[in-house]
Amino acid sequence: MSRTYIALLDHEPEDADVTVVGEADGGGIVLAAWRTGRRPHPRAASVDPRIVGTDGPAMSTSWTELPAGRRPLFDAPEVLEARRRLLRDWPTYGVSTLVTDSLHLAGSVLLWPGGPLFEDDPFARLGPSRVVRSRGFFVPLPAPTGPALERYGGAPWPFDQFPVA
Amino acid sequence: MQPLPGRPVAEKPDGQLPEATARTAWLTPGGQVPDLELPDSTGGVRRLSDLVGGDPTLVHFYRGWFCPKERQFFRMLAALQDEAEVAYTRFVSISVEPPEVSAAYRAGLGARWTFLSDTERRYVDALGLRETTDTVHDPYLPTCAVVDPDLTVHAAYRGYWFWGRPTAEELRQDFRALTRALRPDWDPPA
């Protein structure tokens with residue numbers, strides 16, 4: 001089954017389907033995306049496929065990457081509460097969790113159209129987060145309907161459909 | 001005299017149903033909710049079929065924040081959302097209130113589902129849900145439909161009188177029946 005993977009990298013990978021040079025911590029950084037059946041890079045994590053698109057506007061991203069060994073279970077109360085909060089107070093542009101296995105939360109990307117107003121990103125409380133500015137990599141995502149907030153077949157939340165058999 | 005809620009409406013002499021009744025023909029089990037397209041509480045336009053996706057869904061028309069019966073009913077839904085959030089089940093609430101009013105009401109309730117605004121009353125008459133007895137707010141008649149993913153009505157409730165509305169237990173039963181029919185692994189694979 002094909003998934004969409006993204007990564008923040010120092011150098012442009014040769015095999016990515018989308019690469020964009022963005023800005024983080026005052027310097028350049030590469031945002032890379034792949035649509036593939038297997039994890040394409042050690043730093044790549046799968047996201048809600050609807051959130052990646054080359055026609056997206058300029059936006060800021062609160063990009064949280066949780067180090068291996070410090071990744072909570074996706075069903076842990078703190079992860080559940082973060083999803084619940086975002087469902088209640090949906091950000092203007094959208095959000096996706098990052099997933100590298102079927103059990104754990106690997107991080108998140110939360111999109112925002114303006115400045116770095118990310119003190120309210122509930123996933124950023126779970127681990128290190130940085131603000132990444134880019135254009136033409138992410139596209140806005142409408143809020144999930146709710147109140148359902150479980151993952152569908154292990155897909156990164158908030159993707160809200162089971163895989164077609 | 002206006003017919004009492006829940007009572008059958010008499011046919012006209014020619015056998016035809018009154019026009020207002022004919023417009024609500026969709027509001028019976030097996031009927032289909034039209035695929036409405038309306039702004040949500042953030043102002044983004046949403047299509048009902050997209051919001052329903054592949055899950056059992058409560059489509060809920062309500063008068064507005066001003067009605068104490070609505071406030072009471074919403075308190076029940078807000079409590080039920082804690083069950084629905086783990087049950088692949090969705091709610092959509094629809095009123096004539098503007099998105100910013102719906103957003104404030106939704107936030108005050110702590111609701112985590114989608115609210116749609118039909119400020120222009122685009123669908124009120126087409127659905128036969130204009131509450132003609134309230135000439136001040138001109139709202140939707142309180143109405144609930146539990147639908148499957150293709151918007152077919154599984155159960156319908158007219159809430160003009162409060163006791164016409166579904167209880168939490170009735171909604172649980174409706175969602176159970178729909179989920180059982182929808183999920184091929186309801187009986188877990190051996």
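Predicted model: local features only at pLDDT ≥ 70, side-chain atom pairs only at ≥ 80, totals over all residues.
**Strands of chain A**

Let us start with strand β3 of chain A, residues 27-36, which pairs with strand β1 (residues 3-9) in the antiparallel sense. Strand β2 of chain A, residues 18-24, also runs antiparallel to β3(A). The table sets out the two pairings, with one pair of facing residues for each.

| Strand pair in chain A | Bridges | One facing pair |
|---|---|---|
| β1 (residues 3-9) and β3 (residues 27-36) | seven bridges | A:Thr4 and A:Arg35 |
| β2 (residues 18-24) and β3 | seven bridges | A:Val18 and A:Ala33 |

If you follow the chain from β2(A) into β3(A), you pass through a hairpin with two residues between the strands. A:Asp25 in this hairpin takes a positive phi near 55°.

**A helix of chain B**

Over in chain B, helix α3 covers residues 68-84.

Several residues of α3(B) are buried, among them B:Phe73, B:Phe74, B:Met76, B:Leu77 and B:Leu80. The buried set also includes B:Glu70 and B:Gln81. What covers these buried residues? The cover includes strands β3 (57-61), β4 (90-95), β5 (114-117) and β6 (143-147) of chain B, along with helices α4 (99-109) and α5 (168-182) of chain B.

**Where the chains meet**

Now for the interface. Here 18 residues of chain A are in contact with 21 residues of chain B. Together the chains bury about 1,600 Å², with 52% of that area on carbon and sulfur atoms. A:Arg88, A:Thr145 and A:Pro147 supply 38% of the area that chain A buries against chain B, more than any other three residues.

The polar side of the interface comprises 13 residue pairs in polar contact, both residues of each being at pLDDT 80 or more. The count of salt bridges between the chains is two.

**A look at B:Arg90**

Is B:Arg90 buried or exposed? Its relative accessibility is 2%, so B:Arg90 counts as buried. B:Arg90 forms a salt bridge with A:Asp160, in which the closest N and O atoms are 3.4 Å apart. The side chain of B:Arg90 also reaches the backbone oxygen of A:Asp160, at 2.7 Å.

Methods
Residues numbered from 1 in each chain as written. Chains lettered and ligands numbered in written order. Heavy atoms only, no water. Pairing = 2+ DSSP bridges. Helix = DSSP H or I, 4+ residues; strand = E, 2+ residues; numbered from the N terminus. Expected span 1.5 Å × (residues − 1). Buried < 20%, exposed > 50% of the residue type's maximum accessible area, 1.4 Å probe, protein only. Contact = heavy atoms within 4.5 Å. Buried area = accessible area lost by both parts, 1.4 Å probe. Salt bridge = Lys/Arg side-chain N within 4 Å of Asp/Glu carboxyl O. Polar contact = N/O pair within 3.5 Å; in protein donor to acceptor, adjacent residues only side chain to side chain.
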